[in-house]
Amino acid sequence: MTDKTRLYTVSELARELGITPRAIRFYEDKGLIAPRRAGGSRVFDYRDRGRLALVLRVKRLGFTLDEIKDYLSLYRVDGRGIAQLKRGYRLILGRLKHLEAQRGDLDKLLADMEALRQETLRLYRERGGDPEELVGMSDTTES
């Protein structure tokens, strides 16, 4: 049996992708995957597996379920996938811009926190504290 002919149960697909069966049902309920029926069971083929793997990847990158659903809906708009790629590119650019802004905010926060740490260390010394007492405190919250 080749990968293209293999069918997966919910449990098998969950195990293969490292998620729970409940997560698969969630994505199914959201309309991101649509398994077939074999008897009374839902089964997934290689396309479902690939689609779900893509959903999980872009979800980890911070895309919303609505963005993912919109992107996936363009899969068969044209034979070459140009509409889907254009939409994907726009989404990627938007996400990159958002992440760059977050990085800027985080860099500022880290600089402010380091300045506060240095100021606290200076005050500790000025008031007679031994800075060696503070060594190793970065791993604890003791005072």
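The model is predicted.

**Helix 1 against helix 2**

Two packed helices are described by the angle between their axes and the distance between the axes. Helix 1 spans residues 10-17. Its axis lies 8 Å from that of helix 2, and the packing angle is about 105°. That makes the two helices, helix 1 and helix 2, roughly perpendicular. On the helix 1 side, the contact is made by Val10, Ser11, Leu13 and Ala14. Pro21, Ile24 and Arg25 meet them from helix 2. By class, this contact counts 5 nonpolar residues, 1 polar and 1 charged.

**The buried face of helix 4**

Helix 4 runs over residues 65-73. Leu65, Ile68, Tyr71 and Leu72 are its buried residues. Seen down the helix axis, they fall within an arc of 125°, so they line one face of helix 4. An α-helix has 3.6 residues a turn, so residues three or four places apart point the same way. What covers the buried residues of helix 4? The cover includes helix 2 (21-29), helix 3 (46-60) and helix 5 (82-126).

**The aromatic pair**

The structure holds 1 aromatic pair. Phe26 and Tyr27 form it, with ring centres 5.4 Å apart. Their planes stand at 70°, so the pair is edge-to-face, given that angles over 60 degrees count as such.

| Residue | Relative accessible area | State |
|---|---|---|
| Phe26 | 37% | partly exposed |
| Tyr27 | 10% | buried |

How values were computed: Residues are numbered from 1 along each chain as its sequence is written. This is a predicted model: local features need pLDDT of at least 70, side-chain atom pairs count only at pLDDT 80 or more; totals for chains, interfaces and linings use all residues. Side-chain values use heavy atoms; hydrogens and water are left out. Buried means under 20% relative accessible area, exposed over 50%, partly exposed in between (1.4 Å probe, protein chains only). Helices (H or I, at least four residues) and strands (E, at least two) are DSSP runs, numbered from the N terminus. The arc is that of the directions from the helix axis to the C-beta atoms. Contact means heavy atoms within 4.5 Å. Axes are lines fitted to C-alpha atoms, for helices over the stretch in contact, and angles run from 0 to 180 degrees between N-to-C directions. Angles under 35 degrees count as roughly parallel, over 145 as roughly antiparallel, 65 to 115 as roughly perpendicular and the rest as oblique. Ala, Val, Leu, Ile, Met, Phe, Trp, Tyr, Cys and Pro count as nonpolar, Asp, Glu, Lys and Arg as charged, and the others, Gly among them, as polar. Rings of Phe, Tyr and Trp (its six-membered ring) pair if their centres lie within 6.5 Å; planes under 30 degrees apart count as stacked, over 60 as edge-to-face and the rest as tilted.
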